[in-house]
Amino acid sequence: MLAHPKQGFGNNSGSFNLALLAQARRFLFPLRCFLHYRAGRDQNVLSFDAQEEMVEQDFFPFDRPETAMREYYRHVRAVFRSASKAVEAIESKGSGLLAGF
């Protein structure tokens, strides 16, 4: 059985940091909404022009695209690592749909 989402997966050394995921969500959700609004549809393309416009928005605390992009990559790495750990935890159980592949 999987751990409760608020507890994370694995032991203390292998569990993901929920505080980092919460920070990522607070950064990425407004960014995604901005990209959708900017494009007028569900489009998640963070082009160079979008980066320039992003830092001009009141809800982003960055004054330079380079600084915002460093923060962006920090957050997406945290999400990727957590998702990878969750998949590894599920696969290590050796049962269910994933075990058949």
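Is the crossing of α1 and α3 left-handed or right-handed? The crossing is left-handed, a term used when the near helix is turned anticlockwise from the far one by less than a right angle, with clockwise giving right-handed. The model is predicted, so local features need pLDDT of at least 70 and side-chain atom pairs count only at pLDDT 80 or more, while totals for chains, interfaces and linings use all residues. Residues are numbered from 1 along each chain as its sequence is written, and side-chain values use heavy atoms, leaving out hydrogens and water.

The protein has three helices and zero strands, in the pattern α-α-α along the sequence. Helices (H or I, at least four residues) and strands (E, at least two) are DSSP runs, numbered from the N terminus.

Two packed helices are described by the angle between their axes and the distance between the axes. Helix α1 covers residues 18–39 and helix α3 covers residues 65–92; they pack at about 125°, with axes 9 Å apart. That angle makes α1 oblique to α3. Angles under 35 degrees count as roughly parallel, over 145 as roughly antiparallel, 65 to 115 as roughly perpendicular and the rest as oblique. Axes are lines fitted to C-alpha atoms, for helices over the stretch in contact, and angles run from 0 to 180 degrees between N-to-C directions.

On the α1 side, the residues in contact (heavy atoms within 4.5 Å) include Leu-20, Phe-27 and Leu-31. Among those on the α3 side are Tyr-72, His-75 and Val-79. The residues of this contact divide into 11 nonpolar, three polar and two charged.

Tyr-72 also takes part in one of five aromatic pairs in the structure. Its partner is Tyr-73, in an edge-to-face pair with 5.1 Å between centres and 80° between planes. Rings of Phe, Tyr and Trp (its six-membered ring) pair if their centres lie within 6.5 Å; planes under 30 degrees apart are stacked, over 60 edge-to-face and the rest tilted. Ring pairs also link Phe-27, Phe-34, Phe-59, Phe-60 and Phe-62 into a cluster.

Tyr-73 is partly exposed, with a relative accessible area of 44%. Buried means under 20% relative accessible area, exposed over 50%, and partly exposed in between (1.4 Å probe, protein chains only). Thr-67, in helix α3, is partly exposed at 26%. Gln-51 lies in helix α2, residues 48–54, and is buried because its relative accessible area is 10%. Leaving aside residues up to four places away in sequence, Gln-51 touches Leu-46, Pro-65 and Met-69.

Technical notes. Nonpolar A, V, L, I, M, F, W, Y, C, P; charged D, E, K, R; others polar.
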